[in-house]
Amino acid sequence: MEPIYGMKPGTAYPPEVAADRKEPVEAVGKKEEAQEPAIKPVKDEYIPEGKQEPSGLYRMGKDQDGNPKVYFDDPKRKKSDDKEEETTGNTDQVDREIQKLKQEQEELERQLNMETDEKKIRELEQKLAQVENELAQKDNESYRRQHTVFS
């Protein structure tokens, strides 16, 4: 018996008959493949687009002084009405909170300097530490930016 690896690919004959044949048998589809022309690969092509109409979204820009400003593109607005909406940030509420905490801190320090009772001194020191901690959290730029009211 002849091993399988000795057989030619595409052979449909038993090994005894295949050994007697002088011409190797080719697979049916090989002739058709050789006659087909090579197909060029398809490539992506960049096609630039023109400027699109506003979609009603907010976008960042700069005002006349170079400061950052938020613009709103309203698709319902007519093109003849090209006035830009102006938004302003207001940090008055945050400033009032910080000012109130600073006054409370001064008052607690004043009471702490005048107090003689040890129990009350500990209570005042705890309140003072709490106020100082809250003041440290609120008296910075990131807190101001997060709590700014835009109108």
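Guide: Here is a short tour of the surface, a pocket and the chain as a whole.

Guide: This is a predicted model, where local features need pLDDT of at least 70, side-chain atom pairs count only at pLDDT 80 or more, and totals for chains, interfaces and linings use all residues. Residues are numbered from 1 along each chain as its sequence is written, and side-chain values use heavy atoms, with hydrogens and water left out.

Visitor: Why is Val70 called partly exposed?

Guide: Its relative accessible area is 30%. Buried means under 20% and exposed over 50%, with partly exposed in between (1.4 Å probe, protein chains only). Val70 is therefore partly exposed.

Visitor: Where does Val70 sit?

Guide: Val70 belongs to strand S2, residues 68-72. Strands (E, at least two residues) and helices (H or I, at least four) are DSSP runs, numbered from the N terminus. The chain has 5 helices and 4 strands, in the order α-α-β-β-β-α-α-α-β.

Visitor: What makes up the lining of the second largest pocket?

Guide: Lining residues have an atom within 4 Å of a point of the pocket, an open set on a 1 Å grid over the protein atoms alone, with protein on both sides within 12 Å along at least five of seven lines. Among them are Met60, Val70, Glu86 and Phe150. S2 gives the largest share, 3 residues.

Visitor: How much of the chain is buried?

Guide: Buried residues are 12% of the 151 in the chain.

Note on methods:
1 Å grid on protein atoms, 1.4 Å probe; cavity = no way out; pocket = protein on both sides within 12 Å on 5 of 7 lines; lining within 4 Å.
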